[in-house]
Amino acid sequence: MKKAGSASDPLWYKDAVIYELHVKAFADGNGDGIGDFPGLMGKLDYLQDLGVTCIWLLPFFPSPLRDDGYDISDYKNVHPSYGTLDDFKQFLDAAHKRGMQVLIELVVNHTSDQHQWFQRARHALPGSPERDYYVWSDTDQKFSGVRIIFSDTETSNWTWDPVAKAYYWHRFFSHQPDLNFDNPLVLAETVAAMRFWLDLGVDGLRMDAIPYLVERDGTNCENLPETHAIIKAFRAAIDADYANRFVLAEANQWPSDVRPYFGDGDECQMAFHFPLMPRIYVAIRQEDCLPITEIMAQTPDIPSNCQWGLFLRNHDELTLEMVTEDERDYMYLAYSANPRMRINLGIRRRLAPLLDNNRLRIELLNSLLFSFPGTPILYYGDEIGMGDNIELGDRNGVRTPMQWNAELNGGFSTVDPERLYSPVISDPVFGYLAVNVQEQLENPSSLLQWTRNMIGLRKLFPVFGRGSFHILNTTNRKVLAYLRQYRDQTVLCVANISRSAQPVLLDLNEYEGRTPVEMLGYVPFPKITEQPYVLTLSPYAFLWFELQLSRDGQELPPGMAEGHAEEAAIDVDAWDAPPVLLQPAQSAAAEFVDGMPVRENGTVEVGTSESDRKTRTDLLIVVEPGSREDLDKATAAVVGRLANADRPIRTLLAFPALDSDGGQTSTVPNAPQPVGGTPWLSLLPFVPNGRPQPSPWPHTTQTFIDASRLASEHDARAAMLLRHDVGALDRRALPLLSRAVLGESADLAMPFYTLSPYEGLLNSAILHPLTRALYGSTIRYPLSGDLAVSSAFCQILANGAAYRSSDPEDTIVWPATDALLNENAVAQVHVGPRHFAQREGFDVTALLTRVVGGLFSDIEARASVWQLSRPAARIREIGGRGMPETAPQDASPPADVRPMIESFRLAGSNLQEVWTQVMTPRTLLSVNRLAQAKDKEHFLPDALWVRIVYDFLAAYRGRSVNRNHLLGALMPLYLGWAASHVLAISSQGEAVAEQRVAALASAFEADKPYLLARWRWPDRFNP
């Protein structure tokens, strides 16, 4: 059965981070000294954590292994040393489940001389179809003048076969006869092999040695038109039957010669940029960027669906075929003083030894790899700085076992060392005792951690994979500067390729007025003016800048949403100062709904068209589960609030079916049940999907799946989700919410409650300010239990939430965030007062753990969105006319702060160990000082609370502390904030409550750069 590929974007390979590995070298799962697919599956979590999005597997097919698997004897199976075909299928599924694609080799230029095709051909009669699977000749002078690629081991491209009594053609080793693509049967056989792996779900194919597929007299037998016809045939077969797959060309040629392998976007989607790689090494050694700028100037434009593949090192030698004689001689002297380091026309060394294990040089070259136009390809082990073994033959010195830890065989295998397929590196500098994954995972300053962070940063900005590339002229040739642009993203990259500090002047007049924001630490640099921009870089340093636009002609602090420029950035030195109360931040101008007269009985007219009333349900109301008494009260409340004799809206009130004891049942009526006296309203008991929800708020994925299903089944135009205590809402709330969606074309209507200043503190402390800072949302209650959605947006929420959820019954949905990021129409409806009754035995800690944990998880999942600068969301304000501005005075009495403060103080001694792992020293010091203050002097500044929340969010992402323990450790800090908030309101008056919330939200916005710096570079030292 043919399986689909795992990627949904046809151009996914442009944003990919490819990791090249050999199955035999990565991890041994069965203890025989050879890596295998079960061992590789056990390391997929490591690759996922590293940030890898595509795994490139070197040949794993049956083979005599005389050329490390590139001599294939069976195209449709797995070498028994590496496992079985079922093992490969399990690996492929496991990689796809982790969001990683898989790229495999398609070696079609040649086979092993042990392949059944060759054995059959050598015994077949000359001129027969079987014989013509390969290229034969009676003389070794045919195609004379064609270069010998493996000049160290081969003296001719022809080898005599005593069985066939003829010469066979080979461009590589003599045991690898070239296939004859002039024979249509060969093309059919190789296409069948390709289909075999694509049918299993493989995402990409690397076509090895494709310039040499066809031979013609009088040519160099490379890059021939007939070769491109073969490649087009391969591509056409893929495009006809498989979606979102790609082909990577291995064509070690000059850029102008590689360009035809892209065709018009109908040959290979990607090709290696071989000439760039050696010139990077030349440039850094000569401290002159000219070799890089020259080769990039020679690089032609390619079709929009195509991409260059970039690499620093791989499984072969550092090839010097595509350099001049002078450059080759220089590279030999500079990077391989020992002749044993050389092979063919190249250098058989890994990245770290080539660069003398200089960490700054390694980081510099990787910065070019991640920021140059193309898709970066990492070679296994280079992320930890693995070494090589030049004592091993051929290119095996760069194909040694992966070094996982300091245990036996570097953790690669449990077998006796002498039984390994290759010895592990064991020298004092690069040996597994000094260089291994486990040690670097535990070291926050390791090369592995640095690489992981850089990969994460690259993946955040599509400009690196899809943007244009422009080199800036500099008078200092020791500094390389270039611009990457894609849509609204503009990135400036500057690299010092010398061993000494360097200045540079850049002409950035085109970007005058923009603010360069350094992307690793999210640090704003001086604004660009008409004068040359001056930078100074330390040895081998690089800087990436996002050139951010200032809005409304003013320079905004990084991360500050539009419309809040008047709010100053956080000054941590002022944490002990009293709070500054600001006016509430302005959202879109408040708009009162026209044509909605308030009747004497308090109802609001909600209209629908005549045709709609005759053909479909207007509104589906889903009430959270409760008792039968709660249902009766909810029905009465809906009737009382939506009754409209002039233009009633057809409404279905849906609720989980209950049995006689008030529990949920699986038996429900087949049709909605009418309600006497209200022909516009019917009751709809239903059986929820999934398990019953003991705690119905907040709404989960399952809630929206149920609502979407019911809306679809009953053709409802909109859906409203309500808590069971509908009667606690103001009588105008339901008409206003329904009118926003049915009459005002909003996709989502969220309520703005008028609450007591002592209610909704978790929302005021974390939910509202955090979502406003990260997404530009001015929704005051982003996780309300009462809301209305269009049926189309309900379907979007159900589909999107289900896709993200591993546990639909427990995953919280944040509809306001989804709507804003999807640019759906959002309305904030002023619905008046609402009182939230607190149930007996209410567990505040459990609520905080669930809700804040849900928010942190959602923020982690959307990290690629909120880290990018974005304008403030435009939210439409509806309602407000005749609504009370404050809640009734007796709605909620002031809380007793003494237990809160006592809990905060007690945690100061009991939770110090956890807090030390989460908060930075300065933040923790301020918290400890506050714990020593007297009750009346208890005051937690906004700036300090912001840092606490951001530190906990960063720790939640880092997983260094168990997440439940982490959120439990946040609880007493939240109580400390709540006590401070209540004391401030008590002393300053309840009228300032909303001002305080607005000031806190502004503080979250102003200090967003701190979160960005910690998120992008989590292992940096924090003050």
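Me: How are helix 29 and helix 32 oriented to each other?
Reply: In this predicted model, helix 29 and helix 32 are roughly parallel. They pack at an angle of about 20°.

Me: What's the distance between their axes?
Reply: The axes of helix 29 and helix 32 are 10 Å apart. Helix 32 covers residues 1008-1016.

Me: Is that crossing left-handed or right-handed?
Reply: Helix 29 passes helix 32 in a right-handed crossing.

Me: Which residues make the contact?
Reply: From helix 29, they are R947, Y950, D951, L953, A954 and R957. From helix 32, they are K1008, Y1010, L1011, R1014 and W1015.

Me: And how does that contact split by class?
Reply: The contact of helix 29 with helix 32 has six nonpolar and five charged residues. It has no polar ones.

Me: OK, now helix 28 and helix 29. What angle do they pack at?
Reply: About 125°, with the axes 10 Å apart. Helix 28 runs over residues 921-931, and helix 29 over residues 942-958.

Me: What do we call that orientation?
Reply: Helix 28 and helix 29 are oblique to each other.

Me: Switching topic. Where does E287 sit?
Reply: E287 is in the loop between helix 9 (276-286) and helix 10 (290-297).

Me: Buried or exposed?
Reply: E287 is buried. Its relative accessible area is 10%, and buried means under 20%.

Me: What does E287 touch?
Reply: Leaving out residues up to four places away in sequence, E287 touches R477, K478, I497, S498, R499 and Y540.

Me: How far apart are E287 and Y540 in sequence and in space?
Reply: E287 and Y540 are 253 residues apart in sequence. In space, they are 9.8 Å apart, C-alpha to C-alpha.

Me: What about A1003, where is that?
Reply: A1003 is in helix 31, residues 993-1006. A1003 counts as buried, at 8% relative accessibility.

Me: How far is A1003 from A773?
Reply: C-alpha to C-alpha, A1003 and A773 are 8.7 Å apart. In sequence, 230 residues separate them.

Me: And where is D427?
Reply: D427 lies in the loop between strand 14 (375-379) and helix 14 (437-442). D427 is partly exposed, at 29% relative accessibility. D427 and N389 are 38 residues apart in sequence and 9.2 Å apart in space, C-alpha to C-alpha.

Me: Zoom out. How many helices and strands are in the chain?
Reply: The chain has 32 helices and 31 strands.

Me: How much of the chain counts as buried?
Reply: Of its 1023 residues, 60% count as buried. The accessible surface of the chain comes to about 39600 Å². Carbon and sulfur atoms hold 50% of that surface.

Me: What share of contacts join residues at least 24 apart?
Reply: Among contacts between residues at least 6 apart in sequence, 75% join residues at least 24 apart.

Terms used
Residues numbered from 1 in each chain as written. Predicted model: local features only at pLDDT ≥ 70, side-chain atom pairs only at ≥ 80, totals over all residues. Heavy atoms only, no water. Helix = DSSP H or I, 4+ residues; strand = E, 2+ residues; numbered from the N terminus. Buried < 20%, exposed > 50% of the residue type's maximum accessible area, 1.4 Å probe, protein only. Contact = heavy atoms within 4.5 Å. Areas by Shrake-Rupley, 256 points an atom, 1.4 Å probe, with all protein chains shown as cover. Axes fitted to C-alpha atoms, helices over the stretch in contact; angles between N-to-C directions. Parallel < 35°, antiparallel > 145°, perpendicular 65-115°, else oblique. Left-handed = near helix turned anticlockwise from the far one by under 90°. Nonpolar A, V, L, I, M, F, W, Y, C, P; charged D, E, K, R; others polar.
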